[in-house]
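Visitor: I am new to this structure. Could you take me through its charged side chains?

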Amino acid sequence: MAAKNQQTQKPKKRKQISSSNTDQDSSKSKKPKLLASIPSKNPSNKPLKKPFNPSKQKREHPSQSKFKKPESGNGNKELTKRERRIQAKELAEARKKKRKPHYTLELELASLWEKMRHRNIAKEDRSKLITEALLKMKGKIPEIAGSHVSSRVLQTCVKYCSQEERDAVFSELQPHLLTLSCNAYAVHLVKKMLDAASRKQLAGVISSLRGHVASLLRHMVGSVVIEHAYQLGNATQKQELLMELYSTELHLFKDLSSIKESRLIDVISKLGLQKSSVIRHMSSVIQPILEKGIVDHSMIHRVLVEYLSIADQSSAADIVQQLSGPLLVRMIHTQDGSKIGMLCIRHGSAKERKKIIKGMKGHISKIMHDQCGCMVLVGIVSMVDDTKLITKFIIRELQATLKELALDKSGRRLLLQLLHPNCSRYLNSNGLAFLNLSVPSLSAKNDSEVRSEKLSREKKTSMEAAKSDIPEENLEEPTKEIAKTDHDMTETESSKSNIPEEELSSAEGGKKDPSLRRRELLVKSGLAENLVDVCIEDAGELLTSNFGKEVIFEVAMGGSDGILHPTLDEKLNNLHEAIAALVAKPKSEEPEASEEEHVLENFHSSRTIRKLILDCPAFASTLWKKSLEGKCQSWAQGHSSKVVCAFWESSDSEVRKMVKEELKPLVDGGILKIPENMQSANEGR
């Protein structure tokens, strides 16, 4: 019975399928009918249990749908691929037809470029090729400037073309400068045009940038153009670009920005601007730039310095925190950038200072040779208390290149700061002021902390003195001073501090004793020992160098306060003997034939040796006994006479007594000329 029922049911199902399908579909293949006879999982083949949905059924029905249901899987795939290939070919042909004129122009320009860019081509031939290329590009220069191929042709044309042709290119590009400034390929052409622009053209470009300075500074490519224009502009034009970043009023009204004051504080006071609104506006400009990491440009550094000069305590602390890290390394190559680095080191916490020093790993040698960056390292060794961290990331890296650093104008500054801190001979007034830089809002915060540290230090000193055997009457004055200081501090907490800013900032450094910090960095780290070895090995080169002579002088002196003497006495004696060995070399009778100038006849080395004789009696005695005793008459003329005179002028009685027997006949005979003031002084002695 079941079999009969199945036979009776099958034809009924076939009749339903055949009635729904067309005759054309059934004549093609029987395979779809056999597939259709199998019960499908598709709910459309099942009896409807839910209410009838005409829209759904109409969409799913094969005869009424937009695309017919595939009859076979393989055929459908082949048909789809074929259609896609046909469509792709048609699109490619359409694009080719559209770009054919431009494409042929690129090929023509590239062929001309290959000829004109050769160095051995004649000027006349090159000018003809450039004129031909510019004629082909006329009217299409803004489009060509953005192409990665044709823009190079245009750059070469601008480089070698005549002034008239360059002016024509500039006039065609000027309306599109803002768009081209943000193009990765056109930016190089824009920079070349700015370099070749006249004063009038440059002023026109800078005025066209007005209103777009902040947006371009936020752009990775556009910021390069703004920085280039800023570097080429004069002081007034630079101020015009900066004013837009200070305040909304200065951005909208051009007349307000044409004032002589350059400092932001002076601008605010003269124009009567609200300080809070200026801080808000500058913060909205600066934050996106810092978030994108666009911190390489001097214009941004200038804006940050001005912002920190007026920012409140929390805003300034946020900027210091944001910049403390590897980001700061990219800023300290400019004068304002190094100031920001110094401020971050001074006001940063121990954690932030650690990030800054770790971020410099691998860049120490490059920073040391940089004129501005080296001062940041000088500030680090002068203020940061974590000497182990400095030794690990800074001292160890510079030990490999001590000779190069000693001979470099900027590289020697860190070494001299450790050997003789804050010496006016090696740091000018600007350098000393740099080490005292501070943020006003953050300096006021530390006022009470500085006074409390001073008070605790004085109390500690008095307690140590009380424990010793000093009489009580000697302790009365310190006790009175402490009481007075305590009274002054209570007054300070209730009112604002009147301490000068420079004194306050100098006290805001590290808490460690400066002499202890210096000893740990110079002696305990092994830097001093390696430096003495370098001086012994290359004494002649350092003495005759304009910059190396200062390093070898301080090393031979043992550093200020005799910091090298207890540990490195033996090596310092070896250095004195090495210099004496150079002096002991015989004087050359034919200076033209000699390969090297004698150290006593060289301008730099003779004066360095003279200073050592006057300031270091130990060196003077070594030099006299090993090199000059009995030979002074041959060195009594020229630069070397200054060295011989130094023995006679020495303030040490033993040195004068040692040389008196040999030098007195030379002085009396007029062979050795001594200054009159020194001669009278010696007679008085």
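Visitor: Is aspartate 336 buried or exposed?
Guide: This is a predicted model. Aspartate 336 has a relative accessibility of 15%. Buried means under 20%, so aspartate 336 counts as buried.

Visitor: With which residue does aspartate 336 form a salt bridge, and which helix holds that residue?
Guide: The closest N and O atoms of aspartate 336 and its partner, arginine 302, are 3.4 Å apart. Aspartate 336 lies in helix 22 (residues 335-347), so the pair ties together parts that are 34 residues apart in sequence. A network of salt bridges links Arg302, Glu306 and Asp336. The partner is arginine 302, and its helix is helix 20 (residues 298-310).

Visitor: How many residues apart are lysine 403 and glutamate 541?
Guide: Their side chains meet in a salt bridge at 3.0 Å, N to O. Lysine 403 belongs to helix 27 (residues 402-407) and glutamate 541 to helix 36 (residues 539-543).

Visitor: Which helix holds arginine 396 of the positive surface patch?
Guide: The patch is formed by Lys354, Lys358, Lys361, Lys392 and Arg396. Helix 23 (350-359) and helix 26 (387-398) each give two or more residues to the patch. Arginine 396 counts as exposed because its relative accessibility is 57%. Arginine 396 lies in helix 26.

Methods: Residues numbered from 1 in each chain as written. Predicted model: local features only at pLDDT ≥ 70, side-chain atom pairs only at ≥ 80, totals over all residues. Heavy atoms only, no water. Patch = residues over 30% accessible without salt bridge, like charges linked within 9 Å, V, L, I, M, F, W, Y side chains within 5 Å. Areas by Shrake-Rupley, 256 points an atom, 1.4 Å probe, with all protein chains shown as cover. Salt bridge = Lys/Arg side-chain N within 4 Å of Asp/Glu carboxyl O. Lys, Arg positive; Asp, Glu negative; His and termini not counted. Charge placed at Lys NZ, Arg CZ, Asp CG, Glu CD. Helix = DSSP H or I, 4+ residues; strand = E, 2+ residues; numbered from the N terminus. Buried < 20%, exposed > 50% of the residue type's maximum accessible area, 1.4 Å probe, protein only.
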